[in-house]
Amino acid sequence: MQGIEFTLAIIITITVALLIVLALRPEFTREPQGKALAFVGLFLLPALTLWTGTSVHIERSKKTEFCLSCHVMEDHGKSLYVDDNEFLAAIHYQNNMVPADKACFTCHTSYTMYGDLTAKLRGMRHVFVNYIGGAPEELELYTPYQNRECLHCHENARGFLEDSAHSEEDTTMASMLAGRMSCMELGCHDVAHGIDEFEDVDFWERPRP
Amino acid sequence: MNRQISKLENRIRQSTFLILAGLLGVIASLFWHQPTAFLVFAGVGGLLIVAGISYYMLSLITVGRHPS
């Protein structure tokens with residue numbers, strides 16, 4: 001159990017205890033202390049429960065296992081194990097360039113709170129579509145993949161700066177940083193998950209300890 | 001203490017039941033790690049807790065303390 005989940009469990013326990021007292025003895029609220037206790041039990045603690053519970057669920061939604069729990073994401077999960085350095089998702093995952101337990105979230109959401117919320121709202125829609133309407137066969141991003149999600153880690157990294165392909169022309173680096181040229185431009189890093197190419201690749205098996 | 005319950009106290013009791021039901025929803029949503037857990041959290045737990053809080057607040061404003 002993570003720290004925040006433990007906190008939530010404690011808040012819920014205290015709230016339940018207080019609410020049981022209030023339900024059994026509502027006349028207790030005639031006294032000033034009872035009024036204060038009612039305010040804590042019927043407003044403050046439940047509000048705190050909602051706030052903490054939302055944080056717990058948002059944290060959980062960043063987990064790789066959470067994303068891959070939908071059948072429609074099965075192939076994307078499989079793409080993390082492709083045995084080929086050309087596959088971006090695989091090379092990042094297998095070499096710990098992204099945290100293994102947050103592999104999807106690290107590359108697939110913007111790093112602002114607003115972006116995070118938008119992603120969650122889209123996620124709600126995805127769940128709805130998955131259960132009610134049926135997910136489309138081919139999954140697509142809503143908008144072209146943003147360079148900033150790559151540059152968040154790679155910008156100013158030595159390997160990135162010294163790579164001749166990134167600086168072979170005066171304009172290349174500037175274009176990438178300004179978002180005029182995509183990192184996934186054809187001929188550059190153009191294989192992200194490579195699901196269409198699964199028939200021609202091998203898969204890496206993580207050695208068990 | 002007089003055990004006759006006033007209208008406000010009755011409303012407080014009803015609010016506690018709503019919030020307790022909501023908390024059950026929140027607790028249930030913590031037992032699995034799939035997207036549906038968030039739906040249960042927000043759609044059942046969150047909704048009932050907000051309803052309970054609102055009912056309590058509204059009762060404080062609208063109901064007097066006279067015994068029913």
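In the predicted model, buried residues account for 38% of the 68 residues of chain B. The secondary structure of chain B consists of two helices and zero strands, and among its contacts between residues at least 6 apart in sequence, 76% join residues at least 24 apart.

Helix H1 of chain B covers residues 7–29, and its 23 residues should span 33 Å at 1.5 Å a residue, a value with which the 33 Å separation of its end C-alpha atoms agrees.

The size of an interface is often given as the accessible area lost when the parts come together. For chain B and chain A, the area buried between them is about 3300 Å², of which 73% lies on carbon and sulfur atoms. To this contact chain B contributes 35 residues and chain A contributes 36 residues. Between the two chains, six residue pairs are in polar contact, counting pairs with both residues at pLDDT 80 or more. On the side of chain B that touches chain A, the elements that give two or more residues are H1 and H2 of chain B, and the residues of that side divide into 21 nonpolar, 10 polar and four charged.

One salt bridge is found across the interface of chain B and chain A. In this salt bridge the side chains of Arg30(A) and Glu9(B) meet at 2.6 Å, N to O. Glu9(B) counts as buried because its relative accessibility is 1%, below the 20% cut-off, whereas Arg30(A), at 25% relative accessibility, counts as partly exposed.

Over all chains, the count of salt bridges comes to seven. Within chain A, the side chains of Glu5(A) and Arg60(A) form one such pair, with an N to O distance of 3.2 Å. This pair links distant parts of the chain, since Glu5(A) lies in helix H1 of chain A and Arg60(A) in helix H2 of chain A, 55 residues apart. Both partners fall under the 20% limit for burial, Glu5(A) with a relative accessible area of 16% and Arg60(A) with a relative accessibility of 6%. The pair between chains, by comparison, runs from Arg30(A) in the loop between H1 and H2 of chain A to Glu9(B) in helix H1 of chain B.

A further salt bridge in chain A joins the side chains of Arg158(A) and Glu162(A) at 3.0 Å, N to O. These residues belong to helix H9 (residues 158–162) of chain A, and because they are four residues apart in that helix, they are separated by about one helical turn. Arg158(A) and Glu162(A) are exposed, whereas Glu5(A) and Arg60(A) are buried. Elsewhere in chain A, Glu59(A), Lys62(A) and Lys102(A) are joined into one network by salt bridges that share partners.

Key. Residues are numbered from 1 along each chain as its sequence is written. Chains are lettered from A and ligands numbered from 1 in the order in which they are written. This is a predicted model: local features need pLDDT of at least 70, side-chain atom pairs count only at pLDDT 80 or more; totals for chains, interfaces and linings use all residues. Side-chain values use heavy atoms; hydrogens and water are left out. The expected span of a helix is 1.5 Å times one less than its number of residues. Contact means heavy atoms within 4.5 Å. Buried area is the accessible area (1.4 Å probe) that two parts lose on being put together, summed over both. A salt bridge is a side-chain nitrogen of Lys or Arg within 4 Å of a carboxyl oxygen of Asp or Glu. A polar contact is a pair of N or O atoms within 3.5 Å; within protein, one must be able to donate a hydrogen and the other to accept it, and residues adjacent in sequence count only if both atoms are side-chain atoms. Ala, Val, Leu, Ile, Met, Phe, Trp, Tyr, Cys and Pro count as nonpolar, Asp, Glu, Lys and Arg as charged, and the others, Gly among them, as polar. Buried means under 20% relative accessible area, exposed over 50%, partly exposed in between (1.4 Å probe, protein chains only).
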